[in-house]
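Subject: The model we talked about

Hi,

Here is the structure for you to open alongside this note. Please have a look at it first, and then read on.

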There are 2 protein chains.
Amino acid sequence: MGKGQGVPGFGLPRPGEGKRGEEGYLGYLMRQAAGAYRNRCERDLKDLGITTAQFTVMTMIAAYPGHSGADLARIALLTPQTVSVIIANLEKSGLVSRSPHAVHGRIQQLDLTDAGRDRLAAARKKIHALDGALRHSLSKEDEQVVRRWLVAVAIDHGEGAN
Amino acid sequence: MGKGQGVPGFGLPRPGEGKRGEEGYLGYLMRQAAGAYRNRCERDLKDLGITTAQFTVMTMIAAYPGHSGADLARIALLTPQTVSVIIANLEKSGLVSRSPHAVHGRIQQLDLTDAGRDRLAAARKKIHALDGALRHSLSKEDEQVVRRWLVAVAIDHGEGAN
DNA sequence: GATAACATATCAGAGGTCTGATAATATGGG
DNA sequence: CCCATATTATCAGACCTCTGATATGTTATC
């Protein structure tokens, strides 16, 4: 006795087992899945020297040129402070440049540098490949179900909803 | 002229629109949904003075008593260092106690204090209510599709999979 | 029993993320 | 024109999360 309980690594469920399987709480399963996916992205991006957050912000800058950091924060569901930190790190790495805005004295013009554009293109390849893996267990119909659900969750948990 | 481009807040998509809608990348949609849900949990837990990470670890301690911090890290898909930080903060708040382990000199016995148990019970109510909201747009069949997908994602993106 | 291999816990440092506070700029109403 | 309000950017502080390094304890091998 004195064993079987208090012994490390004994009887622990792995992902997909017990409370960690299909009977678990949806919120828990989402946290688990999002965490696993995020870690995976982070690992794949590591050789490029950028993080997933930096990838997101670079993508935003490319997609919505001329917008303020506050705008980027809104569409990324982040706070302006967070975006500010990320941009500071991107500038330190020479991937993004900040310059005075032409028509607005307070906001700053954000642009990818040449190095930033190259890095983004390389990162995109990797992330898009991962997107395929995300889809591989889904039929066409089930994929639509999942997409609709993800969008619904984002919409009615965003801001002060409910 | 000089307007319509470079003017803040103009023509930005909201969640569910454009690239942020059902045609977007699955990974992006998941990041968006998980972020919104996480923010929502954080806000609901705020009056209890705990974070979602602390809620997760307290739940683990209650569910797998007698296990090491390293074990908790494994089942939570976190690193031992992260769990160590969270437990340190929980101890500082008087919600968790650390004591020498009975049969193993290196690991430490983790227990919820009375205050910790009360706090966990209250937090559980709130989080479980949110789980209902997560499900409300899904039929029974679609919920199973989503659950299977989330588990599959967690399994084949965990560790060094692929 | 001594040693090698492994597990546990923690420190240090980086980056991401939040809340709260502060400073500077725009914009609109008197 | 002046001031109130809103927006933008940033600083400070807290917590979460990772990687890498270190110290200590356990287990297996010889």
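First, some housekeeping. This is a predicted model, in which local features need pLDDT of at least 70 and side-chain atom pairs count only at pLDDT 80 or more, while totals for chains, interfaces and linings use all residues. Residues are numbered from 1 along each chain as its sequence is written, chains are lettered from A and ligands numbered from 1 in the order in which they are written, and side-chain values use heavy atoms, with hydrogens and water left out.

**DNA strand D**

DNA strand D is surrounded by 30 residues, where a residue counts as near a strand if one of its heavy atoms lies within 4 Å of it. The closest are Arg106(A), Thr51(B), Thr82(B), Gly105(B) and Arg106(B). Sugar or phosphate accounts for 68% of the atoms of DNA strand D within 4 Å of the protein, and bases for the rest.

The side chain of Thr51(B) has an N or O atom 2.5 Å from a phosphate oxygen of DNA strand D, and for the side chain of Arg98(A) the distance is 3.3 Å. Gln108(A) uses a backbone N or O atom instead, at 3.1 Å from a phosphate oxygen.

Helix 4 of chain B gives the largest share of the surface near DNA strand D, six residues. Helices here are DSSP runs of H or I with at least four residues, and strands are runs of E with at least two, numbered from the N terminus.

**DNA strand C**

Around DNA strand C there are 29 residues, and Thr51(A), Thr82(A), Asn89(A), Gly105(A) and Arg106(B) come nearest. Of its atoms within 4 Å of the protein, 70% are in sugar or phosphate and the rest in bases.

Happy browsing!

Notes:
A polar contact is a pair of N or O atoms within 3.5 Å; within protein, one must be able to donate a hydrogen and the other to accept it, and residues adjacent in sequence count only if both atoms are side-chain atoms.
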